[in-house]
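This briefing reviews selected local and domain-level features of the structure shown below.

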Amino acid sequence: MLRLGILFLVVTGLGAAIDADLPSPAPVVRAAFPAGVQRGTSAEVELTGANLHDTRSVEFAGRGVKASIVSAFGSKVKLRVVAAADAEVGRRDYRLTTARGVYVGVFDIGGLPEILEKEDNDNWKKPQVVTLPVLVNGNIGNEDWDHFRFHAEAGQTMIFDVSAARHGSRLDADVALLDERGEELAWVDDTTIYGDPHLEFTFAKTGDYVVRVGSLNGGGNYRLSAGVLPYVRRTLPAGLQAGKTTLLTFTGSLLDRVDEIWVGDRLAKGEIVSKSSTEVRARFAVPASATEGRTLVHISAGGMEVALPTELRVSRLPEMTVTKPAFDWKAASLIPAEVVLNGAIEQPAGSHYFRFDAKAGDTFLFRAESMKLGYHLDPTITVLDSSGNKVAFADDPGIDDRADEYQLDPDLSLRCEKAGPYYVAIRDGMYRGGEQLVYRLTVKKQEPDFIVEVRESLKTLYVGQSDTLQVRVRRRSGWDAPVEIWAEGLPQGTVAERQTAEAKDSIVKDTCGVERTIDGTIVLMPVKVGASSTGSYDFKVKGRGVVNGKTVEHEAVVNYNHSSAGYVYGRMQVQRAQLTVAAPPAVLLSGPDTVAMGGPLKLAVRRFGEAKQTELTLRAKTGSVRFAPVVVAATAKEASLQLEGDVPATLIVEAVADGRVLGESAPIRVEAKK
Amino acid sequence: MSILFLLALWASGAEARTVELKIYPPEVRFHAGSAGQKILVVATDEEGVSREVTAAATLSAGALAQVEGNRVVKGALAGTGKLRATFDGVSAEAPVEVLKPRANELSFINDIVPIFTRADCANSNCHGSVRGQKGFKLSLFGSDPDVDYDAITRKADGKRIDKANPANSLVLRKPAFQEPHGGGQRFKVGSDDYNLILDWLKRGAPYDAAGQARLRTLTVYPPDWRMIGAGTQVQLIAVGEYNDGSVRDLTNAVAFSSNIGAIASVKPGGLVTAEQAGETAIMARTLGRAAAVPLIVVKDRPMKNYPQVTENNFIDKHVFAKLRRTNVIPSELSTDEEFLRRVYMDTVGMAPTMEEARAFLGAKDAGKRAKLIDQLLERPERADIWSMRFSDMYRAGYNEAGQKGGGAYGRWFRDQVRKDVPYDVMVRNMLVSQGRHDFEGISNFYFVSREITPEESGVNVSQLLLGLQIECARCHNHPFEKWKQDDFYGFAAFFARVSRKDMYLNNHNGTYLKESGEVLHPKTNKPVTPKYLDGDFEPETPGTDVREKLAKWVTSPQNPYFAKATVNRIWKFFMGRGIVEQVDDFRVTNPPSNAALLDALAQEFAAGGYSLKRLERAILNSRTYQLSSVPNETNRADQVNYSHFLVRRLMAEQLVDTMAQVTGVPVKMATQPLGKRAMTVPVLNFGKPNYMMKVFGRNDLREVICERDTKPSVAQVMHLVSGDTIQQQITAKDGRLDAWLKDSRMTNRQIVENIYLSALTRMPGEDEMNAALAGVSGDAATRRQAFEDLLWMVFNSKEFLFHH
């Protein structure tokens, strides 16, 4: 099937207002296959999307992963991705740049030998044979199932872990395990917080088995890790204090095989204190210079590592693990005024209570994290006064389901009007209990504050175009004042109007058209691109406000563009917002990436601005393929060209009017007729 | 027809001796100085036939009371005593209590409102309809006296009453037909009803004082009745008990009606006349209360020499007792072949394989049926068919839940059945469930509409778990039952905090308990306290989940509804018809076809720890379940008493999976990998339903009650004749047919036998064999074609398509 791409030629100096119908020329990647590469190896990776033919560079975040462009044609880019042997396993942002925009996507670095899925493996009786351990890069299409046969010994426990949504794939995968008769031994669907399946199975009999990857909800790519591999389901505490040594307890399967364990990109190596099949305890000394924020756990056995779906935090506060929780407020123990409490709500309907002392007028921030860490707890925070009366409660933050990271972790700010003991409790919003219901409850005193986020961090605008830039301001710890927003670093000739975010949460419509109040205020900053030079520019958005006579200023957090990285939302790994200025085209000629010699080449012709009523002549720009010049009437919207010449060849078609070239197609590959 | 059977058909005609005498009501209570209490004396003879003998009996109430006209007991002074009845040499006694005199007050609620029900003014075709009649709207059957008082005295500017000249009131003149009246004359001028209303009007048409006694229970006697021969009669009496402890004889106050007038008719005052053989119930209604008397009309007296029918267990005892009472002889025991196919279909969802059939049919063990049942109850596939039944019932995969939520729910059911989790435990856990719908399957229990509301949850719980339809009471007091709006909203209040929330990724959501929530009564706009149906209030304690108490109440052995509603559904799964039908419509006015059987099943279920397996084992081992579907002369018309196995179409999944097993060619289910059995797919993708599944009644799981459509249709016929499923089944290569054809040791006769045995669980008859072999000849292609034709014919046969 021919894949249509939108390709165009830039013609500057038309000087008219920008046509509202002009499509964005920004690059978009819809899929990467394979979606990852094993550390210490290289692989050819194909990116598929739109506006990719003139890709200039692809850069990976962090250390140890490089990409070079093998080819860029039409809607595809082929890369050679090289991952260093010590590259950190896990999700990695890449930044793809063309002449007309920037795209940030996500990729995965693996710690297992990788293979590619081979069709036809739809029938369980005709599976692809694999040797474990392995990481299979596969793709699920419509009515598609992938079957892989492997051998297992009686008594062996294996894991089958699929990464799909968590590395940005649209695939909602499920996994089944079949015996030699095709009978289903086990089936799992949404196991991790991302909806990816994870299965652990102990085989009763020696024999050949089949693992099947499928989907009930559409297709996409996946990475299946399988084998007798250690796997951590939870880590407590779920954080490390910078400058201190912390003892972490890892709970999971096959953990007696672990021979190396560390956090982050070699941030701290673990000194294993004890290990069994279900638990490892290890000490980590994190340098004081470590950056606060997210980090990953890495466990390895014989150099093999499975990427884990859960995260850790590095913080400046003391980390406490709750081993004997108080289930009643009257039994709660006193906690320091500033601390991070780590625990798991294992008992259904259980609440963990803690006592803290406040002076009159103290403002506390309570931040619950679970889903952001990859766990299943839907936290609620309740604060009780000294008599056990509820004085504050927080459940789900207001989420904008079109743009936000999906998580239900609440923040609660409380000003204590009276001095005395107070009690804070955390529980599951659905009163569940279980090993995976892990929480981090940060308790600290905090002055009123706010957070600014750029929600459109990668934007392409044409010269002369007016648009808006979406920014959000979230208020914390009782911030109740307006926040002034402005942008810096925009190219000369481009102006963004300063705006003020009032202290009122915005209301948005969700995908069902239902209005919901979100956490924060959305601000649309009008942007006008004047006589700016074309190119990409880094810019920053900042916010400033005054509360209690104190001025607070913050630089905006840079988030992924909505849906730009599949189901990945939140902060980009590299905090870099970019505006690309492009020249508006007069004519767009759109056609297939590839055409067979002898058949007609059909091109869609779109005109903009002053070229709208212009008669065009189409001619070949490049040499070996020819066609008789075609005149396209002023109102015609397509043209058909009869090609001749030698193949294979690359053809670029020009649109000419009054001797001026108003547009040209992207390169089109011409091949021999099959 | 056997000689025994012919002998049994010979009915007895001779008068039999009385062996028992009963007095109704069993305790005679009335107020001193009142009109007293009507009584009935019932004599039962040695053949078990009862007849009313009140007029012929000798009655004595001693010094305390008098028996007036041999029919009414009354007295002037309070006290206690005994009523003695003697007939045909047999005596009976009933305690008599004469209560203190009742205040001589005329009550609007207890005296005036019932008149409009009895006179048919307040029925659903007249002023009791939703819109009323000609601007005059009464509550249905006097269920809401407040509404009635307002309608009579205040609405239409109060023109319906004339306090200055009470006899000129429209509320009298219209029903007495002194004014043109669309409903004609409802009572005469000067009648008791007329005079009562006139008296009330003369007193100023007052409403009752606060605390006026309200009718609490309505009971009709005798509790059930069998009438022998058309034209025979029985008198019913109705007794009301009030919430202040007072009683009234309501025989002349209630409105009697017959469920099926062609079988028995009833006159005002409760005289019932048998019209023709059959079963019906006589209803009595007043003041929003109803009671029913199940009634059997048989043509002849009990058969002499009724055959001795073997009873395998308690089920047979109750089923066969009812059959004997109705002069119906059960069908013969099913053949081994019939039983084998039936029990496989019901326990593992498809026919037995050839090997399984040969093993069972060849066994000589007398106890082989029970052994097979034990084996089948341990098969893993049993959990699949139960999962499907529950998925239908609980609407797994309601549109919003989709395949993922519905699938998770179906898998939860399957897991529960595999672990033999008691049903009461399952239900308790469902009632208190919370969680993410596509991850924690049980949490889908409440997710049957996009937004979970307390009202909808109340309707679902009452209907699914208790068999009660209370939804009428959402808008108005229930017309036939005791459920008021207070009951409806009180029950809904148990779910006030149950809600839906968005979770994690787009379109993922879950059920959770809100921190707070309340249900407002539509009349008062005030919060309602949770209240058990027909029970007490249960105020919610802070920090607790009031649903936990509800769950205990629902599944308590003392709950009068839960066990009965559940066993009734389970019984229907296996027997094709509920003892109460429809299964979610338990009410006084819809009595069970065999109350003793229903009670016994419920007791067994509770005594067995609510084990599905134990109850299933009892049903499958009963002779009732194992009866042939072939009727005899006496039970041909029976559809309600289980005298023969009820023939019905198989479920879509049973058909599809059996076809695939016969041919060895898997049927592809949309969005499922090849080889997945239909019975293991709890929810089909709504966008891509498998056509055969759809056309054979697979639910789309959106209604409260998900009983399948079992009716035949032209679409089914057309699909079986030439649809893609059957074409693929018989023509696909590399299935069993090809294997048989390639096997040089396999004769044509053996292949015919294999097809019959695997599809129909029996060997072909000689005629069938000859006909099949006659078509098989020629080269390989022709030979295959002939067997394809045979497969097509078998799959299109009623014997294959129906459960029998």
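**Backbone features in loops**

Pro237(A) sits in the loop that links β20 (231–236) and β21 (239–241) of chain A. The model is predicted. The peptide bond between Leu236(A) and Pro237(A) is cis, with omega at about -5°.

- A cis peptide bond also runs from Phe33(A) to Pro34(A), and its omega is near -10°.
- Pro34(A) belongs to the loop between β2 (28–33) and β3 (36–38) of chain A.
- In chain B, Asn327(B) is a residue other than glycine that has a positive phi, near 60°.
- The location of Asn327(B) is the loop between α6 (314–325) and α7 (336–347) of chain B.

**Domains of chain A**

- The domain assignment of chain A begins with domain 1 (23–110), domain 2 (114–227) and domain 3 (231–315).
- The assignment continues with domain 4 (319–446), domain 5 (450–582) and domain 6 (587–671).
- Between the C-alpha centres of domain 2 and domain 4 of chain A, the distance is 38 Å.

**Helix packing in chain B**

- Helix α12 (residues 423–431) of chain B packs against helix α16 (residues 546–555) of chain B at an angle of about 155°, and their axes are 9 Å apart.
- Angles over 145 degrees count as roughly antiparallel, and α12(B) and α16(B) are therefore roughly antiparallel to each other.
- The crossing of α12(B) past α16(B) is right-handed.
- On the α12(B) side, the contact involves Asp424(B), Val427(B), Arg428(B) and Leu431(B).
- On the α16(B) side, these residues meet Arg547(B), Leu550(B), Ala551(B), Val554(B) and Thr555(B).
- By class, the residues in the contact of α12(B) with α16(B) comprise 5 nonpolar, 3 charged and 1 polar.

**An open sheet in chain B**

- In chain B, 3 strands make up an open sheet with antiparallel pairing, in the order β1-β4-β5.
- Its edge strands are β1 (18–24) and β5 (50–52) of chain B, each of which pairs on one side only.
- On average, neighbouring strands of this sheet are turned by 25° against each other, with direction ignored.
- Strand β4 (residues 40–45) of chain B pairs with β5(B) in the antiparallel sense, over 3 bridges.
- Val42(B) has Glu52(B) as its bridge partner in β5(B).

Notes
Residues are numbered from 1 along each chain as its sequence is written. Chains are lettered from A and ligands numbered from 1 in the order in which they are written. This is a predicted model: local features need pLDDT of at least 70, side-chain atom pairs count only at pLDDT 80 or more; totals for chains, interfaces and linings use all residues. Axes are lines fitted to C-alpha atoms, for helices over the stretch in contact, and angles run from 0 to 180 degrees between N-to-C directions. Helices (H or I, at least four residues) and strands (E, at least two) are DSSP runs, numbered from the N terminus. Angles under 35 degrees count as roughly parallel, over 145 as roughly antiparallel, 65 to 115 as roughly perpendicular and the rest as oblique. A crossing is left-handed if the near helix is turned anticlockwise from the far one by less than a right angle, and right-handed if clockwise. Two residues are in contact if their C-beta atoms, placed from the backbone, lie within 7 Å. Ala, Val, Leu, Ile, Met, Phe, Trp, Tyr, Cys and Pro count as nonpolar, Asp, Glu, Lys and Arg as charged, and the others, Gly among them, as polar. Two strands pair if DSSP finds at least two bridges between them. Domain bounds come from an automatic or database domain assignment.
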